[in-house]
Amino acid sequence: MRALVIDDSRTMRRIIVGVLTALGFETVEAADGRQALDVLEQGIEVDLACIDWNMPVMNGLEFVVAVRERKDWRGVTLMMVTTESEHGQIVRALAAGAHEYMIKPFTPDAVKEKLQLLGLVEIEELV
Amino acid sequence: MTLAPDTFAFVADLVRRRSAIQLEPGKEYLVESRLLPLARTAGLLDVDSYVRGIRAAPHPTTLEAVVEALTTNETSWFRDALPFRALVDHVVPEMLTATTSGMFAPQLRIWSAACSSGQEPYSIAMALADVLAPSRMKITATDLSDQMLERGRSGRYSQLEINRGLPAPMLVKHFTRAGADWEIAQPLRSAVTFQRHNLLDAPPVGGPFDVVFLRNVLIYFDLATKRDVLRRVQQAMRPGGFLLLGAAETTIGVDDGWERVSVGRSSVYRLAPRRAA
Ligand SMILES: C[S@@+](CC[C@H](N)C(=O)[O-])C[C@H]1O[C@@H](n2cnc3c(N)ncnc32)[C@H](O)[C@@H]1O
Ligand SMILES: [Mg+2]
């Protein structure tokens with residue numbers, strides 16, 4: 001599994017990369033939506049994108065819209081990871097095509113549970 | 001700081017008698033860290049003096065507070081995901097088919113036993129909401145801890161708690177913003193009733209139940225208590241009802257009155273026919 005981690009904060013990228021690596025992901029980083037689109041346009045295949053909302057050049061919502069317009073990128077699961085926490089904003093992101101929404105701050109367990117729901121991380125077999 | 005042996009013995013015994021939770025030797029750190037806040041609130045510096053005071057003058061509410069402090073309330077939304085899928089994909093269809101044959105009431109009665117702060121019963125309600133009108137579900141949520149019941153009744157959860165396993169589409173559909181928190185909205189809220197109940201006692205009102213969630217609590221009990229609790233649960237259930245246990249729990253080797261049914265990658269339990277009177 002490969003994940004694209006998009007955030008203008010290098011610290012935040014490092015945190016998210018750390019959590020995803022521990023869950024077995026390979027990661028690629030981008031500092032804004034435009035850089036992230038460049039990664040996808042280079043043909044690098046990713047299963048998951050963790051997307052900050054507020055970023056310069058191209059924000060997370062614009063990135064989601066851009067990805068959703070491309071048929072060949074349908075396989076990318078889109079999860080917003082942001083401090084934006086209003087009900088209406090979550091609705092907007094989901095309507096634009098995001099699959100999940102994680103509000104900062106979060107714990108590693110929370111990331112794992114979200115990715116399990118999305119089918120990207122195995123759920124341990126129950127006895 | 002080390003706990004005096006008789007402090008640990010007293011607390012372990014109290015907790016065992018009142019909740020059946022086993023505090024094995026080696027759990028001194030747990031007793032110490034859980035009771036220190038209570039000791040501090042009482043104006044004392046350490047747990048030994050706090051417990052000495054309780055032993056000299058036991059007060060029901062203080063004893064209860066000690067037992068509550070030793071419960072582990074860790075929980076999350078849709079914990080382990082699979083049981084909730086099994087509920088929707090297997091249990092409900094079976095129950096609804098049975099209803100048309102007159103076997104089950106038009107309302108599905110579910111008991112979320114040891115529900116902690118309410119994430120489990122509300123997750124059940126949300127999972128069912130996709131296939132059943134809220135008026136057709138009656139969820140009885142019980143726990144030993146008044147503090148946890150209070151939290152469940154408030155229906156209010158912090159952002160950190162919301163992040164733990166609640167799918168975003170469910171969040172926007174069933175919750176409203178309440179300051180920095182989120183609050184479960186109607187009509188799902190009224191589908192869940194909270195009630196104090198000790199698993200060592202007779203079943204709560206609200207039954208007989210079609211489905212019982214008894215998750216992540218048997219692990220704290222010894223074998224005899226597990227048997228005893230499973231037997232009581234059995235008595236609270238309708239014949240043909242389903243039991244859902246935690247990821248590390250099973251009836252196998254504990255109580256053979258149950259039959260394991262594999263559903264997808266998880267299992268549910270059903271009263272074995274010969275016992276289902
Ligand atoms: C780890 S939580 C499990 C919560 C939820 N069922 C889940 O799976 O996420 C265990 C709960 O069991 C409760 N508990 C412990 N002993 C109990 C007893 N004897 N009777 C009722 N509840 C009890 C505790 O108060 C605690 O809230
Ligand atoms: Mg940012």
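Setting aside neighbours within four places in sequence, B:Q159 is in contact with A:S85, A:I103, B:R177, B:A180 and B:W182, where contact means heavy atoms within 4.5 Å. This is a predicted model, in which local features need pLDDT of at least 70, side-chain atom pairs count only at pLDDT 80 or more, and totals for chains, interfaces and linings use all residues. Residues are numbered from 1 along each chain as its sequence is written, chains are lettered from A and ligands numbered from 1 in the order in which they are written, and side-chain values use heavy atoms, without hydrogens and water.

Let me stay with B:Q159. This residue belongs to helix α8 of chain B, residues 159–163; helices (H or I, at least four residues) and strands (E, at least two) are DSSP runs, numbered from the N terminus. Is B:Q159 buried or exposed? B:Q159 counts as buried because its relative accessibility is 12%, and buried means under 20% relative accessible area, with exposed over 50% and partly exposed in between (1.4 Å probe, protein chains only). Its side chain also makes a polar contact, at 2.8 Å, with the side chain of B:W182. A polar contact is a pair of N or O atoms within 3.5 Å; within protein, one must be able to donate a hydrogen and the other to accept it, and residues adjacent in sequence count only if both atoms are side-chain atoms.

I turn now to chain A. Five helices and five strands make up its secondary structure, and from the N terminus the order is β-α-β-α-β-α-β-α-β-α. Of its 127 residues, 53% count as buried. Along the principal axes, the C-alpha atoms of chain A fill a box of roughly 45 × 35 × 30 Å.
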